[in-house]
Amino acid sequence: MRDLGNDLRWLAINSATIRPWPLRRQIEACARAGITAVAPWRDGLAELGVERARELLQAHAMTVTCLCRGGMFTASDAAGRRTAIDDNRRAVDEAAAIGARCLVLVAGGLPPGSKDVAGARAQIHDGIATLLPHARAAAMPLAIEPLHPMTAADRCLVTTLHQALDLCDALGEGTGVAVDVYHVWWDPALPSAIARARGRILTYHICDWLVPTTDLLLDRGMMGDGVIDLRGIRAMVEAAGYAGHCDVEIFSANNWWKRDPDEVLQVAIERYRSVV
Ligand code: ZN
């Protein structure tokens, strides 16, 4: 297992963590703090402009661990699913333009009014399959991110790492997984799933699970403030061959987003060194 204590090289900051700032300020603040990798979101990228973002990332020699995010393949009708595919093709192009190492996919939940879980999961498979030739042509790996089951209805019907790997097995080259501790820490099958993911872990997201959690989306904790065995999970991920970044992704409307983003970065660095 790598010793991260004196090596900031493997720390990446996801835009979600310092969301109050626009992408330009995020990149500049990370550079000032000695951080060498970031994971932008598409809204921030659109606001700054893909070309300007590319220049800025290059000027600061930033590694882009992943672009968040594509996906949301499920829809009530064929037109809606086509719209989603078109948008995902643009996401692939944007990821390629900024040199991202992968595009994260959040699969999508049930279409409005539907109770057809199996049908929605079929849409997810078919959506990624339709996107895949474009992603392969752009040499942009697709990182399927399983989300905690609490988001199954409205966000992501891929709820476990094994399920994400089943999709990878079915879809083949150009697919892999995003392992986000927030979504997978509880899973009794996590050790076997991470071992099975060898060679297919494209990005690794960290934060913590707070007790109690007051909001299902926007109350993620800073590493060390919750119950996730961060060291234990990183040990498994690295034993499975992952040697990439630890991407700090904290949605926190009532705490970290209310603080000075420079301070948030300093706390993230300190926790990365001490508890990740
Ligand atoms: Zn994530």
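Tutor: Begin with pairing: two strands pair if DSSP finds at least two bridges between them. Strands (E, at least two residues) and helices (H or I, at least four) are DSSP runs, numbered from the N terminus. Here Asp180 stands opposite His205 in S8. S7 and S8 run parallel and are joined by 4 bridges. This is a predicted model, where local features need pLDDT of at least 70 and side-chain atom pairs 80 or more, while totals for chains, interfaces and linings use all residues. Residues are numbered from 1 along each chain as its sequence is written, and side-chain values use heavy atoms, with hydrogens and water left out.

Student: In which sense do S6 and S7 pair?

Tutor: In the parallel sense, over 3 bridges, with S6 covering residues 142–144. Leu142 stands opposite Thr175 in S7. Between these strands the chain passes through helix H6 (residues 161–171), and the β-α-β crossover is right-handed (viewed with the strands pointing away, the path from the first strand over the helix to the second runs clockwise).

Student: Why is S7 largely enclosed?

Tutor: Buried means under 20% relative accessible area, with a 1.4 Å probe and protein chains only. S7 is largely enclosed by the rest of the structure because 6 of its 6 residues are buried. Asp180 and His205 are both buried.

Student: Which residues are the protein donors of the zinc ion?

Tutor: Donors are N, O and S atoms within 2.8 Å of the metal (3.2 Å for Na, K and Ca). Here they come from Glu145, Asp180, His205 and Glu249, at 2.1 to 2.3 Å from the zinc ion. Of these, Asp180 in S7 and His205 in S8 are 25 residues apart and link distant parts of the chain.

How values were computed
Buried < 20%, exposed > 50% of the residue type's maximum accessible area, 1.4 Å probe, protein only.
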